Amino acid sequence: IEGLAEAMASGFAVTIEQAMSRDTPFDPGANPIVFGSGMGAELAIDYKLRGLNVRLIDAAPKHRAVNYLGSRGPKVMAFLDKLGVPIESGVKPVALGKGEVRVASGASNADTIAATSFVICPDRKPADGLVAALRGKGVTVQVLGDARKPRSAGNAVHEAAYLVRKI
């Protein structure tokens, strides 16, 4: 995204972790854009309930709920609908400027959206750095939980219980 580094440095663009930090409060302003509907759907709900004019955009052509939502997924979607927060799928941010986000949808359609902040909500990636470091070192490595694939805590508990029974 053009201008992303500058927007992050200025505080206009932040990650979801920064937006939800307990240590450093974040003010999204009156018109935040949440980018990434999978991880950002619940944040968009929170912002809407605060009375903010939030927009939820996603570059993917179709919303894909994150696994950890489990059975709450349909409820989250219904709540977004009830609050009037549509997921704008197929909308890709191409440039960030001072107080605005330029987006593209389709082949050549470009639009500029005024915004007070831009919150990036990327999909989670496996936290598996230790796995590679331990392989071939003479210890048996069993991978579970988010080191295997980001999912719900319930999945990790079931994997751990299965592993314990095998031992």
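In the predicted model, helix α3 (residues 37-49) and helix α4 (residues 73-83) have axes that come within 10 Å of each other and cross at roughly 35 degrees. Helices (H or I, at least four residues) and strands (E, at least two) are DSSP runs, numbered from the N terminus; axes are lines fitted to C-alpha atoms, for helices over the stretch in contact, and angles run from 0 to 180 degrees between N-to-C directions. Residues are numbered from 1 along each chain as its sequence is written. Local features required a pLDDT of at least 70 and side-chain atom pairs 80 or more, whereas totals for chains, interfaces and linings use all residues, and side-chain values use heavy atoms, without hydrogens and water.

Contact (heavy atoms within 4.5 Å) between the two helices involves A41, E42, A44, I45, K48 and L49 of α3, together with V76, F79, L80 and L83 of α4.

An open sheet is formed by 5 strands in the order β1-β8-β2-β3-β4, with parallel pairing; two strands pair if DSSP finds at least two bridges between them. Because β1 (13-15) and β4 (87-89) stand at the edges with a single partner strand each, one side of each lacks a neighbour in the sheet. From one strand to the next, the twist averages 25 degrees. Strand β8 (residues 117-120) is joined to β1 by 3 bridges, and T15 stands opposite I120 in β8.

Strands β5 (residues 91-97) and β6 (residues 100-105) pair in the antiparallel sense over 6 bridges. These strands form a hairpin with 2 residues between them, and G99 in the turn has a positive phi of about 75 degrees. The bridge partner of G97 is E100 in β6.
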